[in-house]
Amino acid sequence: MNWGLLRRARIIASAAIAAAAFSACSSAIESNPEAPETPVVSTAPAPLGTVSSVAELQEAFVDAGGDCEGPLEDINRVTAAMGSGVCPDSGTVLALYLDAESAKASVATTMRALDRIGSTMILGDNWSINPAASDREGTAEIAENLGAQMLESEATPVRSLDEAFTLEQAAQAYDEADGTDCANPHDVSGDGSVMECGDLTLIVRADSTLETEALRQMTADALDLKQGGVPIVGRRHIVAVYDKGVDIERVARQIDGVTPSD
């Protein structure tokens, strides 16, 4: 037997089988129009990084989805910053600092000062954004678009009118002292100065620089909205109670307020 001829025959047969398999595979790929395509990889927005001017920060904030069109107002409002300004319509505050450490320190100070009412801020490399209340719903998305850090703090619960900084907090203090449902007050004045809890109570924004008698006089118009209201006067707010079933003297003591009989 000629072993050389036999070896060559086996090699030729193997090559033929491989060629046939490759041809079949190529035909299957060409005949399958639903073959997977190369996936498209999405990329996150590039971080804003360090900025050189408040104008640059404003432009980036708008591009990221913030409300800040037009010339800034109240220039250099943030005393610890190199430069700052307030967005004309929304009231959002933009600030530029010397470096990252200065930015962190200033933001920490601001958030401590707002501890009782809670706050949301965006901290960048050498800048910060303090969104207005109307912009806070989209703060997380804006921070992500800017490649920055969003910081949040919850409002501190209050139990007296002297601790309250907002109408909602004054309503909360009354709610906890009396048990009357005042957890969801609504604006009846249109400007946020007077809120109502159901049909029973009015919460009126006061002025902490006024004396007690002046505060009582200031609420006269609000008390005229209904008959029989009795005011509990605090340092910043007045609770006008119309519910005859409420022990006014007891509630006033619990929320550090005074009544006309004091």
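Good morning, colleagues. The structure is a predicted model, in which local features need pLDDT of at least 70 and side-chain atom pairs count only at pLDDT 80 or more, while totals for chains, interfaces and linings use all residues. Residues are numbered from 1 along each chain as its sequence is written, and side-chain values use heavy atoms, with hydrogens and water left out.

I begin with helix H5, residues 167–178. Helices (H or I, at least four residues) and strands (E, at least two) are DSSP runs, numbered from the N terminus. H5 has twelve residues and reaches 16 Å from its first C-alpha to its last, close to the 16 Å expected at 1.5 Å a residue; the expected span is 1.5 Å times one less than the number of residues. Nine of the twelve residues of H5 are buried, so the helix is largely enclosed by the rest of the structure. Buried here means under 20% relative accessible area, with exposed over 50% and partly exposed in between (1.4 Å probe, protein chains only). Among the buried residues are Leu167, Tyr174 and Asp178. Their cover includes strands E7 (194–197), E8 (201–205) and E10 (237–241), together with helix H8 (248–254). Just after H5, Gly179 takes a positive phi of about 85°.

Which residues have the most contacts inside the largest nonpolar core? They are Tyr174, Ile203, Ile232, Val239, Val241, Val251 and Ile255, in a core of 21 residues. H5 gives the most to this core, with six residues. A nonpolar core is a set of buried Ala, Val, Leu, Ile, Met, Phe, Trp, Tyr and Cys residues joined through side-chain atoms within 4.5 Å. Leaving aside neighbours within four places in sequence, Tyr174 is in contact (heavy atoms within 4.5 Å) with residues including Gly179, Cys182, Val239, Val251 and Ile255. A second, separate core of 17 residues includes Val51, Cys68, Leu94 and Ile122.

I turn next to the disulfides, of which the structure holds two; a disulfide is a pair of cysteine sulfur atoms within 2.5 Å. One joins Cys68 to Cys87, S to S 2.1 Å. The torsion about this S-S bond is about -95°, so the disulfide of Cys68 and Cys87 is left-handed. Cys68 lies in the loop between helix H2 (54–63) and E1, and Cys87 in the loop between E1 and E2, so the pair ties together parts that are 19 residues apart in sequence. The other disulfide is formed by Cys182 and Cys197, with sulfur atoms 1.8 Å apart. Here the torsion is about 45°, so the disulfide of Cys182 and Cys197 is right-handed. Cys182 and Cys197 are both buried, as are Cys68 and Cys87.

Finally, the strands. Is strand E4, residues 127–130, covered on one face or both? Both faces are covered: Trp127 and Ile129 on one side, and Ser128 and Asn130 on the other, are all buried. E2 and E4 pair in the antiparallel sense over four bridges, where pairing requires that DSSP finds at least two bridges between two strands. Ala95 stands opposite Ser128 in E4. Strand E3 (residues 119–123) also runs antiparallel to E4, joined by two bridges, and Ile122 has Ile129 as its bridge partner. A hairpin of three residues joins E3 to E4. Thank you for your attention.
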